[in-house]
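Hi,

Here is the structure I promised to pass on.

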Amino acid sequence: MDARSNSKDSAVSPDDIHYQMLKHLPSETLNTLLSILNDIWITGNFLSSWHQSYVVPISKPGKDTTNPTNSRPIALTSCVCKIMERMINNRLVWYLERHKIITHAQSGFHKGRSTTDQLVCLESFVREAFIHKQHVTAIFFDLKKAYDTTWKFGF
């Protein structure tokens, strides 16, 4: 289970299952867990505990900690559910890359790629255009505060 070994320890969720417990399971139990996860995938019947989380407010740096709008909520969800999410994500990325659905030029959602890769590509385009006396057009979106202004149900 690659998704299990790549998990970092975190606080416990409502189901009281820790990553350390999952990392030390014997192989027979791992096979049983895999069968359960495959059954959940096939049937779509998620465990009720996966619909619950502990929500902890984390204060934004440099902001007034007494004002609730200056904190961001962190939801502590089931470790088993997060492992299943990672497994699905790994399979999906593998499929998309194998069938060339995701372009090689995309950096987001690719392991080992980052914003820096896109900046290097942009610099290369600009330099190449400059050498050939051509133009380069770039459009940038600043999404830094996009989620701060999104309406949230219940607030």
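Phe 46 counts as partly exposed, because its relative accessibility is 46%; the classes here are buried for under 20% relative accessible area, exposed for over 50%, and partly exposed in between, with a 1.4 Å probe and protein chains only. Trp 50, at 10%, counts as buried. Together, Phe 46 and Trp 50 make a tilted aromatic pair, with 5.8 Å from centre to centre and 50 degrees between the planes. A search of the whole structure turns up one aromatic pair. For the cut-offs: rings of Phe, Tyr and Trp (its six-membered ring) pair if their centres lie within 6.5 Å, and planes under 30 degrees apart are stacked, over 60 edge-to-face, the rest tilted.

Before you go further: this is a predicted model, where local features need pLDDT of at least 70 and side-chain atom pairs count only at pLDDT 80 or more, while totals for chains, interfaces and linings use all residues. Residues are numbered from 1 along each chain as its sequence is written, and side-chain values use heavy atoms, with hydrogens and water left out.

Trp 50 also has a polar partner: its side chain and that of Ser 78 are joined by a polar contact of 3.1 Å. (That term means a pair of N or O atoms within 3.5 Å; within protein, one must be able to donate a hydrogen and the other to accept it, and residues adjacent in sequence count only if both atoms are side-chain atoms.) Ser 78 sits in the loop between β2 (71-76) and α4 (79-98), and is buried at a relative accessible area of 1%. A polar atom of the Ser 78 side chain also lies 3.2 Å from the backbone nitrogen of Cys 81. Neighbours within four places in sequence aside, Ser 78 is in contact (heavy atoms within 4.5 Å) with Ser 13, Asp 15 and Trp 50.

How many disulfides are there? The count is zero, taking a disulfide as a pair of cysteine sulfur atoms within 2.5 Å. For Cys 79, the closest cysteine sulfur is in Cys 81, at 9.9 Å, so that is too far for a bond. Cys 79 is buried at 1% relative accessibility, whereas Cys 121 is partly exposed at 38%.

As for the whole chain, there are five helices and two strands, in the order α-α-α-β-β-α-α. These are DSSP runs numbered from the N terminus: helices are H or I with at least four residues, strands E with at least two. Of the 155 residues, 18% are buried.

Cheers
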